[in-house]
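Visitor: I'm new to protein structures, and I'd like to learn how to read one. Could you walk me through a few features?

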Amino acid sequence: MLQNTDTTKLQKLQTSSFSIENGIKLFDSSMVYADSHQGLVRSDNQDSFAYTISTDGKMIFLMVADGIGGNESGDIASRYTAEMILREFQKFQKNGTPQEEEIVDFLKSAILLANSALKNLNLNMNVGHPMGTTLAILVLTPGCAVTAHAGDSRIYRWREGKLEQMTQDHSLVAELVKLGKLTPEQAVNHPYAHVISQSIGVHREVKPDFSIQERKSGDRYMVCSDGILLHLDDEKIAQLLGKAEDARMAVSSLITAALRGGGGDNTTVLCAIPD
């Protein structure tokens with residue numbers, strides 16, 4: 001329930017602005033795939049995702065947004081953010097293949113735009129508890145992987161049998177792990193595991209992190225909401241991601257394993273196996 005909210009505006013957003021339920025898939029390929037499941041406990045799915053490839057075929061774009069509240073309006077926040085940033089990417093990629101630094105500059109601009117738009121939406125609708133969303137974006141070029149994220153949605157790389165976390169959570173428990181006060185295993189089920197320090201739409205300012213990392217032949221990538229991490233550790237993720245024949249199989253096996261583990265939260269997985 002939204003407090004002091006213009007319900008007509010909210011209903012219009014829910015039924016008219018979004019052409020998707022949880023995901024935007026602009027092409028189908030064995031090398032890139034994504035899916036989302038509400039899990040076995042939640043009554044709705046507040047995750048959204050999008051993926052596409054540039055018109056020249058040289059950039060792959062993957063994004064997940066995990067709604068964080070607003071009195072059960074996290075689904076609106078995540079969809080609104082995903083659609084806005086995807087539209088900006090579609091305009092950006094028309095200029096040809098950019099340098100990696102230009103991709104970072106674009107992502108900074110697009111994320112700030114989305115944050116401002118969602119924050120203004122909260123203000124205009126008089127939302128008592130501002131709706132917001134996490135965000136994780138991966139852009140693959142022929143030579144590099146560019147990441148951007150705010151919150152605790154993650155990006156992973158599988159390389160030569162080893163799984164590497166490419167992003168560091170913006171969360172209370174991540175800080176406690178960094179300080180040595182919690183182990184990574186303890187952080188997963190910590191009572192404050194849901195408390196994040198960066199998000200889209202809640203505050204006037206957002207400080208996402210960005211990275212440019214080298215790609216190698218054989219690398220595999222996963223972008224995910226935190227639901228999958230409740231049930232799968234790095235070893236299991238590495239096993240499933242590494243043995244999959246293609247991206248579709250990787251996504252299917254990862255989500256199935258999370259559901260078999262209990263399905264305690266919404267689970268969204270995007271995989272890219274470019275080579």
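Guide: Happy to! Let's start with one side chain: serine 211 makes a polar contact with the side chain of glutamine 213, at 3.2 Å. Keep in mind that this is a predicted model.

Visitor: Is serine 211 buried or exposed?

Guide: Serine 211 has a relative accessible area of 18%. Buried means under 20%, so serine 211 counts as buried.

Visitor: Let's turn to charges. Why can charged side chains pair up?

Guide: Side chains of opposite charge can pair when their charged atoms come close. A search of this whole structure finds seven salt bridges.

Visitor: Which residue forms a salt bridge with aspartate 265?

Guide: Arginine 42 does, and the closest N and O atoms of the pair are 3.2 Å apart. Aspartate 265 is in the loop between helix H7 (247–260) and strand S11 (267–272), while arginine 42 is in the loop between strand S2 (32–37) and strand S3 (47–53), so this pair ties together parts that are 223 residues apart in sequence. Aspartate 265 is buried, at 15% relative accessible area, whereas arginine 42 is partly exposed, at 43%.

Visitor: What about glutamate 83 and arginine 87: where do they lie?

Guide: Both lie in helix H2, residues 74–92, and they are four residues apart, about one turn of the helix. Glutamate 83 is buried, with 9% relative accessibility, and arginine 87 is partly exposed, with 43%.

Visitor: Which residue forms a salt bridge with glutamate 164?

Guide: Its partner is arginine 157, with the closest N and O atoms 3.2 Å apart.

Visitor: What does the side chain of arginine 159 lie 3.0 Å from?

Guide: A polar atom of that side chain lies 3.0 Å from the backbone oxygen of glutamate 214. Arginine 159 is placed in strand S7 and is buried, with a relative accessible area of 15%.

Visitor: Is glutamate 160 buried or exposed?

Guide: Glutamate 160 is exposed, with 70% relative accessible area. The cut-off for exposed is over 50%.

Visitor: Next, how do I read distances in sequence against distances in space?

Guide: Compare the two numbers for a pair of residues. Isoleucine 111 and proline 208 are 97 residues apart in sequence, and their C-alpha atoms are 8.1 Å apart in space. Isoleucine 111 is part of helix H3, residues 100–124, and it is buried at 1% relative accessible area.

Visitor: How many residues apart in sequence are asparagine 115 and arginine 204?

Guide: They are 89 residues apart in sequence, and 7.4 Å apart in space from C-alpha to C-alpha. Asparagine 115 is also found in helix H3, and at 1% relative accessibility it counts as buried.

Visitor: Let's finish on the surface. Which residues gather in a patch of negative charge?

Guide: Glu185, Asp233, Asp234 and Glu235 do. Take aspartate 234 from that group: its place is in helix H6, residues 234–243, and it is partly exposed, with a relative accessible area of 40%.

Visitor: Which residues make the nonpolar surface patch?

Guide: Leu172, Tyr192 and Val195 make that patch, which is about 250 Å². Valine 195 is in the loop between helix H5 (184–188) and S9, and at 31% relative accessibility it counts as partly exposed.

Visitor: Thank you, I'll go and look for these in the structure!

Key. Residues are numbered from 1 along each chain as its sequence is written. This is a predicted model: local features need pLDDT of at least 70, side-chain atom pairs count only at pLDDT 80 or more; totals for chains, interfaces and linings use all residues. Side-chain values use heavy atoms; hydrogens and water are left out. Patches are made of residues with over 30% relative accessible area and no salt bridge: like charges are joined within 9 Å, nonpolar side chains (Val, Leu, Ile, Met, Phe, Trp, Tyr) within 5 Å. Accessible areas come from the Shrake-Rupley method with a 1.4 Å probe; for residues, only the protein chains shown count as cover. A salt bridge is a side-chain nitrogen of Lys or Arg within 4 Å of a carboxyl oxygen of Asp or Glu. Lys and Arg count as positive and Asp and Glu as negative; His and the chain ends are not counted. The place of a charge is taken as NZ of Lys, CZ of Arg, CG of Asp or CD of Glu. Helices (H or I, at least four residues) and strands (E, at least two) are DSSP runs, numbered from the N terminus. Buried means under 20% relative accessible area, exposed over 50%, partly exposed in between (1.4 Å probe, protein chains only). A polar contact is a pair of N or O atoms within 3.5 Å; within protein, one must be able to donate a hydrogen and the other to accept it, and residues adjacent in sequence count only if both atoms are side-chain atoms.
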